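Here is a walk through one model, taken a few neighbourhoods at a time. Keep the structure open and follow along.

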Amino acid sequence: MTGIVAELLDILDLERLEVDLFRGVSPQIGWPRVFGGQVVAQALVAATRTVPSTRPPHSLHAYFLLGGDPKAPIIYEVERIRDGRSFTTRRVKAVQHGRAIFAMSVSYHDVEEGYSHQARMPEAPDPETLPDTRALLAAGGKGIPFPVAAYFARERPIELKPVSIERYLVREPREPRCRVWLRAASPLPDDPAIHQAVLAYATDMTLLDATLIAHGRTVFDTDMQSASLDHALWFHRPFRADDWLLYAQDSPAAEGARGFARGQIFSRAGELIASVAQEGLIRPRRAQD
């Protein structure tokens with residue numbers, strides 16, 4: 001695997017301090033605050049390490065309380081809420097500098113047979129037919145604003161291929177929908193828990209930006225303030241996070257400086273493998289921000 005993916009796996013391999021107590025660190029790459037997807041993924045890892053591997057997670061619900069400090073370790077405290085015959089529930093609190101920065105509940109369910117149906121996968125070109133975003137930017141960026149170009153050009157453990165970059169070129173209100181192909185930048189180990197944690201990490205990468213499409217804005221605008229407030233993720237079917245996955249996103253509502261976005265994640269075979277929902281802060285920057 002590439003070095004940056006190995007670094008992500010190292011970050012997700014939490015240090016166990018005591019029973020139900022773990023410590024995580026952040027990459028030292030100059031970010032002003034900890035990436036929200038990292039905290040979601042690390043908290044999921046902490047909770048999962050207290051549950052038998054035969055009982056995988058099926059949903060998580062999280063709140064971002066304070067911006068994380070990348071220079072300080074994050075302590076994850078796991079509370080064993082319930083261990084039932086079919087379901088297990090865990091609560092995780094992330095702490096820095098003596099204060100809670102994040103809280104999450106996770107539910108686990110034994111694998112069993114049942115009814116099955118799903119939404120239809122939206123149409124999208126195959127990821128191989130889309131230009132490599134980093135190569136596109138290196139070739140001149142086609143007029144993409146610098147903050148957008150810098151984001152997509154950055155080396156990261158998750159490879160992203162937007163189905164369309166038109167909204168970054170023509171700044172006008174449009175239907176609040178977007179689609180992005182994503183996958184781990186190199187092959188991952190076969191452990192399903194790793195793929196679940198990597199997908200949890202990836203789901204926070206582009207979702208909040210969908211809330212601004214209807215207004216002709218993006219989270220990359222320097223005069224916009226944006227931050228994830230909460231995050232929910234449901235795992236529906238087994239998957240591999242190192243295979244291409246289509247992240248279809250839309251935003252049904254925005255009001256009161258908060259935007260709401262949803263995501264459906266499909267395998268290349270058209271299986272709906274996960275669903276996501278998130279509300280975030282979206283507002284013009286004020287003088288004191």
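## Helix 6 and its partners

Helix 2 crosses helix 6 in a right-handed way; a crossing is right-handed if the near helix is turned clockwise from the far one by less than a right angle, and left-handed if anticlockwise. The residues that make the contact are Gly 37, Gln 38, Val 40, Ala 41, Leu 44, Val 45 and Thr 48 from helix 2, along with Ala 193, Gln 196, Ala 197, Ala 200 and Tyr 201 from helix 6. Contact here means heavy atoms within 4.5 Å. Sorted by class, that makes eight nonpolar, four polar and no charged residues. For the classes, Ala, Val, Leu, Ile, Met, Phe, Trp, Tyr, Cys and Pro count as nonpolar, Asp, Glu, Lys and Arg as charged, and the others, Gly among them, as polar. Helix 2 spans residues 36–48, and its axis lies 7 Å from that of helix 6, at an angle of about 155 degrees. So helix 2 runs roughly antiparallel to helix 6. Axes are lines fitted to C-alpha atoms, for helices over the stretch in contact, with angles from 0 to 180 degrees between N-to-C directions; under 35 degrees counts as roughly parallel, over 145 as roughly antiparallel, 65 to 115 as roughly perpendicular and the rest as oblique.

Helix 1 (residues 3–12) also meets helix 6: the axes come within 11 Å and cross at roughly 100 degrees. That puts helix 1 roughly perpendicular to helix 6. Leu 8, Leu 9 and Leu 12 of helix 1 touch down on Ile 194, Ala 197, Val 198 and Tyr 201 of helix 6, and by class this contact has seven nonpolar, no polar and no charged residues.

## Ground rules

All of this comes from a predicted model, where local features need pLDDT of at least 70, side-chain atom pairs count only at pLDDT 80 or more, and totals for chains, interfaces and linings use all residues. Numbering starts from 1 along each chain as its sequence is written, and side-chain values use heavy atoms, with hydrogens and water left out. Helices (H or I, at least four residues) and strands (E, at least two) are DSSP runs, numbered from the N terminus.

Gln 196 sits in helix 6, which covers residues 192–202. With a relative accessible area of 12%, Gln 196 is buried (under 20% is buried, over 50% exposed, and in between partly exposed, with a 1.4 Å probe and protein chains only). Beyond its neighbours within four places in sequence, Gln 196 contacts Leu 44, Pro 56, Pro 57, Phe 235 and Phe 239.

Now step off the helix: Asp 204 is in the loop between helix 6 and strand 9 (224–235). Asp 204 is buried too, at a relative accessible area of 10%. What does Asp 204 touch, not counting residues up to four places away in sequence? The list is Phe 35, Gly 36, Gly 37, Ser 228, His 231 and Gln 278. Asp 204 also has its C-alpha 8.7 Å from that of Val 40, although the two are 164 residues apart in sequence.

## Aromatic pairs

The count comes to four aromatic pairs, where rings of Phe, Tyr and Trp (its six-membered ring) pair if their centres lie within 6.5 Å; planes under 30 degrees apart are stacked, over 60 edge-to-face and the rest tilted. One of them is Phe 64 with Phe 102, tilted, at 5.4 Å centre to centre and 55 degrees between the planes. Phe 64 belongs to strand 3 (residues 57–64) and Phe 102 to strand 6 (residues 99–109), so the pair ties together parts 38 residues apart in sequence. Phe 64 is buried at 16% relative accessible area, and Phe 102 is buried at 0%.

Phe 235 and Phe 239 have ring centres 6.1 Å apart and planes at 10 degrees, so this pair is stacked. Both Phe 235 and Phe 239 are buried.

## Two positive phi values

Asp 20 has a phi near 65 degrees, positive in a residue other than glycine. Asp 20 is in the loop between strand 1 (15–18) and strand 2 (21–24), and is buried at 15%.

Ala 257 also has a positive phi, near 70 degrees. Its loop runs between strand 10 and strand 11 (258–267), and Ala 257 is partly exposed at 30%.
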